[in-house]
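Morning, everyone. Let me put the model up, and then we'll walk through it.

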Amino acid sequence: MRQVCVAVALLLLFGCGQSGKEPGQSAKTGQQKKQSKDVKELKLWGVSAGLDASVRPPCATAGFYPPDPKALKDELRKYLTAANPQKPDGTILGIVSPHAGFLFCWRTAAYAYKLLMGKKLDLVLILSTAHTGITSVCDAAFYRMPWGDVPVATDVVKALTKSGKFRYAPTAHEREHGVETQLPFLCFVMSDFKIVPVVVGANANGKEKTLAEALLNATKGKNVLVVVSTDLTHYPDHETAKRVEEEFLECVKTLDIGKIKEASARLVKKNAERGVECVACGLEALCVAVEYLKARGAKKFLVLHHADSYENIKALPSKERYGIKPDKSRVVGYASCVFVGD
Ligand SMILES: [Zn+2]
């Protein structure tokens, strides 16, 4: 019965969830064996907020990730072990990661997170799609997760609201899964950091540079990793998704938000009849991140893994699919990418 409920919930979660063994692995190299051992030793990091702390409760446990910490760790280990990302030449300053249900996108998400294993930094700036459309910081002191609490850099959040460029809108965070769904991987591959949770909506269009400047001022002098939480196309067929997303990701490599926004608008218009409603639900979050990261020295954008809901379900053994069938006719796309500096 539980399995049936999970499957029903998961069916809603291959996209944004609005209301929602790597195949072909060859023999392992010495490096892969070492990485597998390191993955086995990972733990979920969190702190205890205390009774009086302001806490943002979880909203995405049903289907986005397993709420039971043991089951969660098993899934994280499985996907991280299978991921085999190409190591970039330079420093990783930011990543792009999807935010759908784990069966649909963790095969892809694990690629960027695997490169962050053991990384030490002060802040993780999470720039997520705002599925409500409202751009907002979160003013809670902690994100509560099933295994512990994740501290928010409240000093940075205060500086952002004080700048007048950001505000706190409670409704933008109450049911928003875009930040929360990054925390299982983040707290598994790293520890001892604070997050800056920001959701960026369509109302940020045209203000990307101004928002990036406010973020740069508020995080000056800190060692920051940016996580852009976004999915790609909704909901064309598999072949259209592949073609449209390859063209879009190629354009992101220019790190020119004018070109990125133009490509998004053009691709949606040209492929609307094939079901393309958007090319990246977090387009504005991505553009703010590009401006922020260029100012922090990002020179390259690399795609580590690119797949869609059809391919990722198909890659799972049948018994691990919770009854979900790989569907080629209507997909959501996902990419795991890195922004790299010198
Ligand atoms: Zn989304």
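**Loops, then the sheet**

Start with Tyr322, in the loop between helix 12 (309-314) and strand 10. Helices here are DSSP runs of H or I with at least four residues, strands are runs of E with at least two, and both are numbered from the N terminus. This is a predicted model: local features need pLDDT of at least 70, side-chain atom pairs count only at pLDDT 80 or more, and totals for chains, interfaces and linings use all residues. Residues are numbered from 1 along each chain as its sequence is written.

Back to Tyr322. Its phi is positive, about 50°, although Tyr322 is not a glycine.

Leu255 also has a positive phi, near 55°, and is a residue other than glycine. Leu255 sits in the loop between helix 9 and helix 10 (257-271).

Next loop: strand 8 to helix 9. Tyr235 is there. The peptide bond from His234 to Tyr235 is cis, with omega near -25°.

What is the strand order? It is 4-7-3-8-2-10-9, seven strands in an open sheet with mixed pairing. Two strands pair if DSSP finds at least two bridges between them. The edges are strand 4 (136-137) and strand 9 (300-308), each pairing on one side only.

Strand 3 (residues 123-129) and strand 8 (residues 224-229) run parallel, joined by six bridges. Take Leu125: its bridge partner in strand 8 is Val226.

That's the tour. Thanks.
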